[in-house]
Amino acid sequence: MTTTTRPPDSGTPDSGIPATPAGRRALLAVGVTLLATFMDLLDATIVGVAIPRMQRDLFAGNAAMQWVVAAYVLAFAVLLVIGGRLGDIHGRKKLFLGGVAGFTLASVACALAMSPAMLIGARAFQGAAAAIMIPQVLSMIRVDLSPAQRGPAYALYGAVTSLATVMGPIVGGLLVEADLFGQGWRTIFLINVPAGLFTFVAAAVLLRDSRERERPRLDLVGVVLLAAALMSLLYPLVQGHETGWPLLGFVAMACSVPLFAAFARYERHRTARDGFPLVALTLFRRPAFTGGLLLSFLLFSQVSSFFFVFVIHLQTGLGFSPLRTGVTLLWWSAGVIAAGALSVRLAPRLGRRLIGAGSALTAAGMAAMSLTLHLAGPGITSWVVGPAMILTALGVGAVTPVLLDTVIVGVPERDAGAASGVINTMMQVGAAAGVAVVGAVFFTVLSAQATGYADALVPRLRAEVAAAEVVPARTRAAAVAALRDCVDERVDTRNSFLPPPACFAAMGAAETIPPGTAVRVLESVDAEITRAREEAFTFALKVAVWYHVLASLLGLALIRLLPAGPAPGDPG
């Protein structure tokens with residue numbers, strides 16, 4: 001049984017807009033929790049544009065910078081279900097406030113970090129605090145709001161998640177380039193301090209508390225089993241493309257299967273013993289919940305993976321600045337906002353048909369993106385990709401709020417926190433899997449393209465080396481091979497801010513070609529290398545986005561698992 005104080009249904013079914021003071025207070029409370037959601041998601045995406053400056057200032061290697069990102073993602077994803085269940089037990093408001101406070105303190109620690117190890121540790125703490133904070137948002141919407149108020153709340157939640165994803169590069173680019181108070185990249189964390197303080201105070205005043213009256217003990221065995229299973233699955237997915245997909249990573253992912261099986265078996269035992277497991281497996285008997293989880297997996301695998309490769313394409317491939325990249329992504333924001341506003345009014349009449357329409361729009365938008373890249377090539381601009389991005393964003397924006405409402409509406413209140421954690425975890429697993437799959441396709445195609453362009457430049461390199469009389473005839477073949485490898489890595493570059501290792505080797509092999517001569521030869525073909533890189537990255541993106549088309553079409557098939565009509569009422 002859940003102890004909660006729910007405001008009356010003060011909105012209208014058509015608009016969902018609260019008309020009484022209690023309704024307006026509920027809407028303000030939702031706004032506060034969504035501010036925390038925005039803060040979390042913004043922080044997850046803002047770091048990418050600041051990586052080069054962090055690496056320079058902290059004298060960090062590539063591995064350390066990978067962990068700055070991975071530490072947050074892993075801590076967040078592994079602890080989400082646990083954070084949700086703790087809210088059910090100890091009070092959702094209390095856990096939300098604790099998560100906000102921890103997130104704010106961790107942001108300060110990130111800003112004050114003086115070494116890579118300090119920054120990685122602070123990022124892990126930040127991810128753990130977010131895992132305590134975020135599950136409370138959906139569970140409080142489910143428990144504290146009336147059915148008429150939930151539709152607009154879920155629409156706002158969907159809009160916030162999409163906006164934060166695209167605003168990260170924009171805000172990050174502005175802050176890094178502005179270098180406020182001489183703090184450089186540290187300001188991307190310092191902006192969380194005033195936002196966190198405001199959120200904490202506002203939440204303390206506006207939020208209503210709710211929790212299980214029985215106050216059962218946390219399922220510690222389930223916590224350990226689930227954390228081990230998720231870590232075994234997510235760590236290889238998050239780090240795979242950076243570490244070259246070693247065999248050990250696939251072994252770890254395979255080990256997650258028996259770990260998840262052991263978790264499910266123990267949860268059945270725990271349910272039979274005291275009726276309060278970490279995750280109620282009865283949730284998965286609901287077709288709407290299971291089908292919604294699968295659709296959430298597909299949706300977030302598309303959104304995260306698209307931004308991953310699209311931002312790399314713009315910044316590394318085409319040389320866009322972080323700010324110009326962010327401006328390009330504003331098209332997405334416009335589409336999501338428009339779709340969210342429409343979906344609130346259309347969802348009561350269309351039900352799952354709106355999810356189908358959104359999935360079809362997403363597939364059409366990604367197909368249009370591939371066609372745009374094919375026709376425009378490397379000469380794309382923010383205006384050229386705008387129509388395809390808006391079409392895709394309209395689809396995503398139409399799906400998200402309806403999908404969230406469909407998944408969580410039938411969940412009993414006593415399991416709302418755990419269910420919210422499961423939903424958010426599935427989103428994170430989908431995001432990691434999408435980045436892994438689409439990243440693998442993107443970089444595989446890119447490498448193949450780079451090899452072709454480098455081979456095509458060999459005759460030009462051979463002629464330039466022969467014209468340099470300082471290169472002995474006996475070492476010319478080796479010199480050309482070294483320069484060719486340098487060209488290959490400059491086209492297939494993953495980090496535009498670091499010279500490729502092969503170029504270091506080519507310019508350091510004095511016995512083969514004098515360093516000054518190697519530099520002059522590479523400068524003579526610099527324009528060709530730049531053009532080749534732009535074309536290779538564009539072609540790789542054109543191929544990679546077809547994953548999103550196929551995933552959207554698969555989503556259309558899964559819609560049959562969802563209720564045919566509007567979301568059912570509150571089961572209480």
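At what angle do the axes of helix α4 and helix α6 cross, and within what distance do they come? Before the answer, some ground rules. This is a predicted model, in which local features need pLDDT of at least 70 and side-chain atom pairs count only at pLDDT 80 or more, while totals for chains, interfaces and linings use all residues. Residues are numbered from 1 along each chain as its sequence is written, and side-chain values use heavy atoms, with hydrogens and water left out.

Start with the whole protein. Its secondary structure comes to 23 helices and 2 strands. Both are DSSP runs, numbered from the N terminus: helices are H or I with at least four residues, strands are E with at least two. Of the 572 residues, 56% are buried. Buried means under 20% relative accessible area, with a 1.4 Å probe and protein chains only. Now take contacts, meaning heavy atoms within 4.5 Å. Among contacts between residues at least 6 apart in sequence, 84% join residues at least 24 apart.

Back to the opening question. Two packed helices are described by the angle between their axes and the distance between the axes. Axes are lines fitted to C-alpha atoms, for helices over the stretch in contact, and angles run from 0 to 180 degrees between N-to-C directions. Helix α4 (residues 92-112) and helix α6 (residues 135-144) have axes that come within 10 Å and cross at roughly 155 degrees. Therefore α4 and α6 are roughly antiparallel, the term for angles over 145 degrees. Their crossing is left-handed: the near helix is turned anticlockwise from the far one by less than a right angle. Arg92, Leu95 and Phe96 of α4 meet Gln136, Val137, Ser139, Met140 and Val143 of α6. These residues divide into 5 nonpolar, 2 polar and 1 charged. Here Ala, Val, Leu, Ile, Met, Phe, Trp, Tyr, Cys and Pro count as nonpolar, Asp, Glu, Lys and Arg as charged, and the others, Gly among them, as polar.

Next comes another helix pair. Helix α7 (residues 147-178) and helix α16 (residues 382-408) pack at about 130 degrees, with axes 8 Å apart. The crossing of α7 and α16 is right-handed, with the near helix turned clockwise. Among the contact residues are Arg150 and Tyr154 of α7 and Val396 and Asp405 of α16. The contact divides into 7 nonpolar, 4 polar and 2 charged residues.

Now look at single residues. Arginine 123 lies in helix α5 (residues 116-133). At 1% relative accessibility, arginine 123 counts as buried. Beyond four places in sequence, its contacts include Asp43, Tyr72 and Phe189. Serine 333 sits in helix α14 (residues 330-350). Serine 333 is buried too, at 6%. Leaving out residues up to four places away, serine 333 touches Leu163 and Val166.

Finally, the aromatic rings. Rings of Phe, Tyr and Trp (its six-membered ring) pair if their centres lie within 6.5 Å. By this rule there are 11 aromatic pairs. The rings of tryptophan 185 and phenylalanine 189 have centres 6.3 Å apart and planes at 90 degrees, so this pair is edge-to-face, as planes over 60 degrees apart are. Both tryptophan 185 and phenylalanine 189 are buried. Elsewhere, ring pairs link Phe306, Phe307, Phe310 and Trp332 into a cluster.

Note on methods:
Buried < 20%, exposed > 50% of the residue type's maximum accessible area, 1.4 Å probe, protein only. Phe/Tyr/Trp six-rings, centres within 6.5 Å; stacked < 30°, edge-to-face > 60°. Parallel < 35°, antiparallel > 145°, perpendicular 65-115°, else oblique.
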